[in-house]
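Here is a friendly tour of charged pairs and core packing, for you to follow with the model open. Have a look at the structure first, and then we can go through it together.

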Amino acid sequence: MNIDDYCQQKAAPAGSSTYYALRQAPLTAQPLLTALYALHRELAESVSEVSDPAVGRAKLAWWQREFGALAQDAPTHPVTQAIARYYASTAPIEAFMTWLSGYQMDLDQARYLDFAGLRRYVEQVGAALANTVAGVTAREPTSLASWAPALGRALLLADIVERTGEDARRGRIYIPINEMQRFGVTAADILHCRYGEGFTQLMSFQVERARRALTDALGAIPAVERRTQRVLRAQAAMSLALLRELEAEDYRVLHQRIALTPLRKLWIAWRTY
C-alpha cells in the first residue's frame, strides 16, 4: 500500500464524513489534507485504542520523536512521509505537538470538572486541527486566528456529544461533572447506559451548546474564505444534521452510535460545494 492509500484508509474510508468533506477540497490540496486528517487519527488512536496508559504514553512519545524526524526531513511513517511530500513549505511541527499535547490529556484524566477544564482539551485537539486544515487553502492565512479555532472547537464539541456512549465504553466522560450534577446525572448512569429525564435534559443542553457554537463559527468565516473552506464547512453542516438526528432519537447515544447515511452525507457535502 502506498502512502496516499494508507492516509486515505486511515483518515477517510469510503462512506465516512471526512471522506465526503475532503471531496470538496481542490484536487491539488486533497492529498495534504488527507494526510493531516490521517495524522490526527493516528494520534487519537494512540490513546483511544489502548487500555494501559503506559502504552499510550509510549506511542505518543514515538510520535514526538517522529515529528523531530519530520523536522529534519527524515520521516519514517507513511503519514509523515505524505506530509513531507505535499507541504510546499515547512510542516507545522508546532501544531502537531499541540495535537499531541491534547491527546496526552486523555491519558492524564478521564473526567472534567467544568467546561473551563474541557475547553483546554477542545482548544488543543479541535482548534489546532481546524487552524492547520484551514491554512492549507486559505486566501488570507494571517486572519485564521480570528475564525478557524472557533470552528474547530465547535466541531469537537459536536463530536463529543455524538460519541458520548462510545467514549464511556472506553472509560472517558467528556461532559463536565458540574453540568451532570446540575441535571442529576451520575457517571454510573452514563457508564451503564441508564437513560432518564435528567439525561435527556443534559444532552439537550450539550446539543444546543454545540449547535450554537457551530452556527456562530460558520457565520464568522470571512466571505473571502467561504469557497476556500468547503472541507470544514461540509464537516460543520454534517455535524449540524447529526445533532438534529440525536434530538429525533431522543438522545439515545449511550448504547449506540447514531450516524447519517452515506447518501445523506454526500448530499449535505454537495450542497456545501
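A residue is called buried when its relative accessible area is under 20%, and exposed when that area is over 50%. By that cut-off, Glu179 and Arg209 are both buried. Please keep in mind that this is a predicted model.

**Salt bridges**
- The whole structure holds 14 salt bridges.
- One of them joins the side chains of Glu179 and Arg209, at 2.7 Å from N to O. Glu179 sits in helix α10 and Arg209 in helix α12, so this pair ties together parts that are 30 residues apart in sequence.
- Asp189 pairs with Arg194 at 2.9 Å. Asp189 counts as buried because its relative accessibility is 17%, whereas Arg194, at 40%, is partly exposed.
- Glu245 in helix α13 and Arg264 in helix α14 are 19 residues apart, and their closest N and O atoms lie 2.8 Å from each other in a salt bridge. Glu245 is partly exposed at 24%, and Arg264 is partly exposed at 29%.
- Shared partners link Asp159, Arg163, Glu166, Asp167, Arg170 and Arg257 into one salt-bridge network.

- Glu225 lies in the loop between α12 and α13.
- Glu225 is buried but forms no salt bridge, and the nearest oppositely charged side chain, Arg139, is 5.7 Å away.
- The Glu225 side chain does reach the backbone nitrogen of Arg139, at 3.0 Å.

**Nonpolar core**
- The largest nonpolar core has 91 residues, and Ile83 is among those with the most contacts inside it.
- Residues that Ile83 touches include Leu32, Leu39, Leu70 and Phe96.

Note on methods
Residues numbered from 1 in each chain as written. Predicted model: local features only at pLDDT ≥ 70, side-chain atom pairs only at ≥ 80, totals over all residues. Heavy atoms only, no water. Helix = DSSP H or I, 4+ residues; strand = E, 2+ residues; numbered from the N terminus. Buried < 20%, exposed > 50% of the residue type's maximum accessible area, 1.4 Å probe, protein only. Lys, Arg positive; Asp, Glu negative; His and termini not counted. Salt bridge = Lys/Arg side-chain N within 4 Å of Asp/Glu carboxyl O. Polar contact = N/O pair within 3.5 Å; in protein donor to acceptor, adjacent residues only side chain to side chain. Core = buried A, V, L, I, M, F, W, Y, C linked by side-chain atoms within 4.5 Å. Contact = heavy atoms within 4.5 Å. Lists of a residue's contacts leave out its neighbours within four places in sequence.
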